[in-house]
Each structure stands twice: as C-alpha cells, then as structure tokens.
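This briefing is intended to be read beside the sequence and the 3D structure. Please keep both in view while going through the points.

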Amino acid sequence: MISGLRTRLVLAFLLVAAVGCGTTAALTYREARNAILEQAQDTAVSSFRDQIQELHLNLPPNTEQMQGMVRGLARQGKPRDWWVYVEYGSVRLSSGTNPTSTVITPELRRQARGTPHGSFQRVVRNGEPYLTMVMPVVFKTAQTGTGGQTQRPTGLTFYAVMRLTDEQANVDAMVVAARDGALPALAIALVPALLAARSVLRPVRDLRQAARSLGRGRLDTRIPVKGGGELSELARTFNESTAALERSVDELQRAEARARRFASDVSHELRTPLAGMLAVTELLDEDAAGLDPDTAAAVRLISSETDKLAVLVEDLMEISRFDARAAELNTDEIDAAETIRRTLQSRHWTDPARIVLDLPDGIRARLDPRRFDVVIANLVGNALRHGRPPVTVALRTETRPPAPRTAEGAADGTPDAPGGGSTRWLVTEVADRGPGIPADVLPHVFDRFYKADQARTRSEGSGLGLAITLENVRLHGGTVRAANGPGGGAVFVVEIPLTTSEVTA
Amino acid sequence: MPRVLLIEDDPSVREGVELGLRRRGHDVRTAATGEAGLAALAEFRPDLLLLDLMLPGMNGVQVCRRVRESSQLPIIMLTARGDDFDVVIGLEAGADDYIVKPARTEVIEARIRAVLRRIEEPGGGRPAVEFHGELAVDRAGLTVAKYGERVSLAPSELKLLLHLCAAPEQVFSRQQLLEHVWEHSYHGDARLVDACVRRLRNKIEDVPGSPRYIQTLRGFGYRFGPL
C-alpha cells in the first residue's frame, strides 16, 4: 500500500515536471522554428523580389533572353540555392532539367495572379520541405496628377523553389535538443520527487510501524505528533485510540487478575478447614454404622462430599498456580512407557478388556513425573467415563522439522529445538470406542467447568481435569488436542518435545 | 503404637489430625507453636514429629533445624502443594518426608508407618557390619561410622544409604528410590531423593562436590560406588 502511495506520489511529481518541461520545450520550439523559417523565407522572398525588379527586359521577351534570366537568377539564390522557373504565355523555362516544377501548387499560381508583389508558400513534398515563391513582372507607370504609380502585369511570371532542408535540420536538431534536455531533467526531477515522497510518507511509515508494534502487543506505542497537517491529525487520533485501548486492556487485565487472585484466595482459605474435615472423615465413616439410619446417611453424605470438595479445591489451587505462572516443572529423566504403566496400575486400570496398551519400551523422556501422571490419568479416566472400552493408550516418538504448529483446540507450546534442527516429539494417544465428541463441544473440551449438557449441573470430576491436563502439557512445552477418530470415539493426542540432554546432578 | 507430636497452628487441622490418628491408635500430643512443640519434645519423647511449615513466630523450617541439631527424630512436614520453595527448604533442613494438606488420615498414617519402618534385617550369611571404603555400615545396629567415628543420620538418610549400598554399583532411578525408601508412588516428588542425597553426601563424603560413595548417573539416577 505504501509502495503504491510512494509510486503515485513520484509519478505525480514526474508528471508535473514532464508537463513543465514539455510545455516549455514546445513553446520554445515553436518560436525558434518560426524564427528560423521566417528568417529564411523573408530573406529568400525579398532577395527574389529585388532580383526580379532589377531585371531589364524587352517585351515581348524571346526564349533565349528568358533562359539567360533564369540562369542568372538561379545563380543568385539567397539564402540558399534555388531553382527558377519562368512562364510567359505558353512558354515554360527553368534552371533545372524540368521546365515546370512539381512542387508549385495551383493555389500559388492563383495567388500569383492576384498579387503583383508576389507571394510564397511552404510545401512539403516527399517528406522534404520547400519554399515556393512566385513573382509576376509588372510595369511601373508614373501617373500624372496623383504622383502615384500604377502597376500592370507583363504576363511574365517567375517562380523560385528553394529547399528548406537545412532549416528543417536545424529545427530537428532543436527537437532533439529539447528531448535530450527534457529526459535528463525528468531523471533529475526523480531525485527531489523521491525525497519529497519520502518526507511526505515518513508519517505514514511511522504510523505503519506503530500499528505493527501495537499488533505485537506493545500497547504503550505512541507516534510523535509534528506540525498540524492532516497526517499529524491522524497521528493524534492514533495516539488517542491506543491510549484508550491501553486503558481498556489494563482494566481488563486488572479485573482478570482480581478474579484469579480471588479464586486463589478462596481455595487457600478453603484448604485449611478442609484439612481438618478430611482428617476426620474416616472416623465418621467408621462410626456411621452405629448411628440411627438417618444420621448415618447424613454423616456419610458429609464424608463423601468432603472428599469431593477436597479434590475440587486441590484442582482450583492447581489452576490458580498455572494462572499465576507459579507452577514449577520438576523434571526427571524417565522411561515413558514405564511411567504410563505405573499410572494405570496405581489406579487399577489394568483390565485388558478395558485398556489396550501400545507402549514401546526404551523411550526415555525428561518429564515431570507427577504432572505427566496427572495428564495420563485425566485422559484415560475421561475416556473410561465418557467413552466405551476398550480404551487404547499408544506411545510413539516422531521427528519433525521445528516449524511452528497450531492446531484446532490445541495449546501452543514453544519447544526448544535442540541445535535448531528437527525436534523429536513424544506422542501419546488416548482413544476410546465411544460416541465421540460432538462438533459443538469439541472446541470447548479443555475449558474450565465446561459442561456439554447444561442440564447436568455437576460434573463427575472437578470439571477442571482437562483444563489442568492442558496446562500441564503446556508447561512441558507441548500441545494436547482433541478430535474424533475415523472409527468414531474420542482421540486425545499429547505431544511433548523430547529433551534428554541436560540433567541436573 | 507410635507416639506422634503434632505442631500445627490451625486449631481445626490440629484437632482433626489428632482425632484421626488417635482413632487409629496413635499416642498424639499437639502443640500450637514451634516453641511449645520444642518444649514438649523433651518431656513427651515422641517417635515422630508431624510439623506444619507455616507457623507463627518460629516457623517449621527453624523448628526442623533446631531438632536436627541434637536428634535424628523422624520428621514429616505438613505442607500445602504449591509451597514448593518451603518444601525444598524443609527437606534441606533435614525433614524425612512431607505430606500435602489436606490429606486423609490414612495417607498421614501410611507416611508415618513408612518413615518409621525399619529396613529389613540382612538375610543369613551376610555379615552384620559391612565395610565400604572408610564407611562401616552396621545393618543390625543401624549405625554408620566413618573412620571409626559414628555418623548420625536421619531415618531417611540411613534408609537411603542402606538401600544403595546393599547393591553396590547398581543404578537406582529416583522413582525406584521413592518407591523403596520412601514408599511413595512411582510419580512422587524426586526432589525428596535429591535433597536426601545432598544431606547424606554432606555427612559421609570427603568432598561432597565430587562424591565417591553416592554417585550420580546423569539421566538415570544414583548408585553406590564403585569405590
């Protein structure tokens, strides 16, 4: 866009320069051409006329006399050589080879009869310019009484044809000179044009850079406002808009931070009483058998709900730590397959009819064992709850070029590519044979407390399981995405960059 | 049944844990502050100390250090997950294990049992006292001496050393050690192992920076020796 604007500005500038140059050149050319041609033709006409008047002839002239005159006149062409033709009655004589000229027009002949002073005409024949002149020879008789003279035609008419080639060459040279002058002038004009375009466009460029910087999230971007032109007005408007945007974003961020701090504070405050309650739930459960049925049911309710509340508060705390970026990654180099097997064993998900494993041994990965355990447990637990068995857990590694990847419903991580080359990824896939995830739910599966069915007011887990999964994977620099498999059923794919190089002692 | 001293400032947690443990047969004494807890220590003579990290006045880490100055009493810290910094400091101060609050009584009791559990006696035919370099390890008497001088080790340090030197030159991953020494789950907190190894090295190695007995195998774990 800016290059278009620059081009247009430069072109406009050059157009103005070209019009200026062209007009000046055209006017100069016209004047100079006229001056050259008129000078030539005036000289020719007057010298031709003078020479005619100085002729001494006897009437009626004989052919030899006329031939002599023609030759004499032809020798005295001014400013150039000319051909001379004479007509008397039916006699046609010339200084050249042809008795008549093809250049002389009938129009000139007509004029010759009307004007005793003679006349002339410029003619172009076969691309060559000629000056043609006609001069009738007249008697001059003194008129008594008036003191004037009367002129009577003698019937003898002289023509002269002069080539204007040299004059034309001069004029052509002028055109060339004008052109040769105008083109460098235009080229030189390009420099101020570019400079002018640059200075005019500088505010536009500033604006573009500012807009780009704004797009990168630097909301404190401002443009220096200079002078009072239209562009500085634009800069002022831009600054005002960014300031307003910055205020709104600040306000939003403060509100979000308040909300998050509130969630964190609430869960912190809940934790202490819960710790006391959770310590005594067993006691309640054991003694419930000895109470009357209603009290026993109430006691068991309190006990089981306390357990759920403890899970919920723990998950809330975990999410709060992710939001506050206080979550730590305590990594260790472990065997990925062994880690997954242990996760499933510790939750007694070992029935081969319900869980099918494809876990190749020997893949060592630097992971936070606790967080990876949470990821796998959440995904498998989710598949067992919402899908249908068997649930497949598959592990593999993939080597990919370190291209930035984004995927639908995926968390973007920024894996460190070792050596800048291709990155190895640990890919874990958890798939079930259930009905799959409805298309309208798919983008929200990782949302907090998202409920596919609004009528189900309470989720079976804390409602934070997949959100925590997402955050844990992200903390590892990886991505997790949800999709539906080709044979139906939900498929969750976790991809974590494999880094096995650095180890803390 | 073990005698447990609980130092916890929050009354509901204090009372809840006390109720739960007492129901399971433990002899429980409680204290609301670190100072009161230290005072009760000499008189109650507990088998184990359950220590909240966040205490008014003298905090849990300071209490832990004070106890370790004179005794190798098993110490389990009570902490909240997310107080990661405190966990590391507490472990460096000499705690043997930690429990994340809120926790069910069965979890607390399992940890207490694990910390108090003695390493199994060596099988027949093995000598009670093994010599590894300058170290003399008495598996029956549960004592370790270096250059003939007794080294006092906290329970977790002693168990870790006994476990490692029972199979010299065998590499144990952090997860394996968590399972066998601490009886944690496979996915437990490996910092527990690392902190314990650091403490153990400070006590038994000549140059803790370049260990001879407890060696690190980068990316795999720890092993005893080769000497």
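In helix α9 of chain A, the buried residues are G465(A), L466(A), A467(A), I468(A), T469(A), L470(A), E471(A), N472(A) and V473(A). A residue counts as buried if 20 or more other C-beta atoms lie within 10 Å of its own, as exposed if 12 or fewer do, and as partly exposed in between, with C-beta atoms placed from the backbone. The model is predicted, and local features need pLDDT of at least 70, side-chain atom pairs count only at pLDDT 80 or more, while totals for chains, interfaces and linings use all residues. Residues are numbered from 1 along each chain as its sequence is written, and chains are lettered from A and ligands numbered from 1 in the order in which they are written.

**Helix α9 of chain A**

- Nine of the eleven residues of α9(A) (residues 465-475) are buried, so this helix is largely enclosed by the rest of the structure.
- Helices (H or I, at least four residues) and strands (E, at least two) are DSSP runs, numbered from the N terminus.
- The cover over the buried residues of α9(A) includes α6 (293-323), α8 (369-386), β11 (479-484) and β12 (490-497) of chain A.

**Nonpolar cores**

- A nonpolar core is a set of buried Ala, Val, Leu, Ile, Met, Phe, Trp, Tyr and Cys residues joined through C-beta atoms within 7 Å.
- The largest nonpolar core has 105 residues, and L50(B), L51(B) and I76(B) are those with the most contacts inside it.
- Leaving aside residues up to four places away in sequence, L51(B) touches I7(B), G60(B), V63(B), C64(B), I75(B), M77(B) and L78(B).
- A second, separate core of 31 residues includes L73(A), W82(A), Y85(A) and Y159(A).

**A hairpin in chain A**

- Six of the seven residues of strand β1(A) (residues 82-88) are buried, and the strand is mostly covered.
- Four bridges pair β1(A) with β2(A) (residues 91-94) in the antiparallel sense; two strands count as paired if DSSP finds at least two bridges between them.
- Within this pairing, E87(A) has R92(A) in β2(A) as its bridge partner.
- Two residues lie between the strands of this hairpin, and G89(A) in the turn has a positive phi of about 60°.

**A sheet in chain B**

- Four strands form an open sheet in the order β6-β7-β8-β9 (chain B), with antiparallel pairing.
- At the edges stand β6 and β9 (149-151) of chain B, each with a single partner strand, so one side of each is left without a neighbour in the sheet.
- β6(B) (residues 129-132) and β7(B) (residues 135-138) are joined by four bridges, and E130(B) has V137(B) as its bridge partner.
- G133(B) takes a positive phi near 60° in the hairpin of β6(B) and β7(B), which has two residues between the strands.
- β7(B) also pairs with β8(B) (residues 143-146) over four bridges, where A136(B) has A145(B) as its bridge partner.
- The hairpin of β7(B) and β8(B) has four residues between the strands, and L142(B) in the turn has a positive phi of about 55°.

**Where the chains meet**

- Contact links 31 residues of chain B with 31 residues of chain A; two residues are in contact if their C-beta atoms, placed from the backbone, lie within 7 Å.
- On the side of chain B that touches chain A, α1 (11-23), α5 (105-116) and α7 (174-180) of chain B each supply at least two residues.
- The largest share of that side, eight residues, comes from α1(B).
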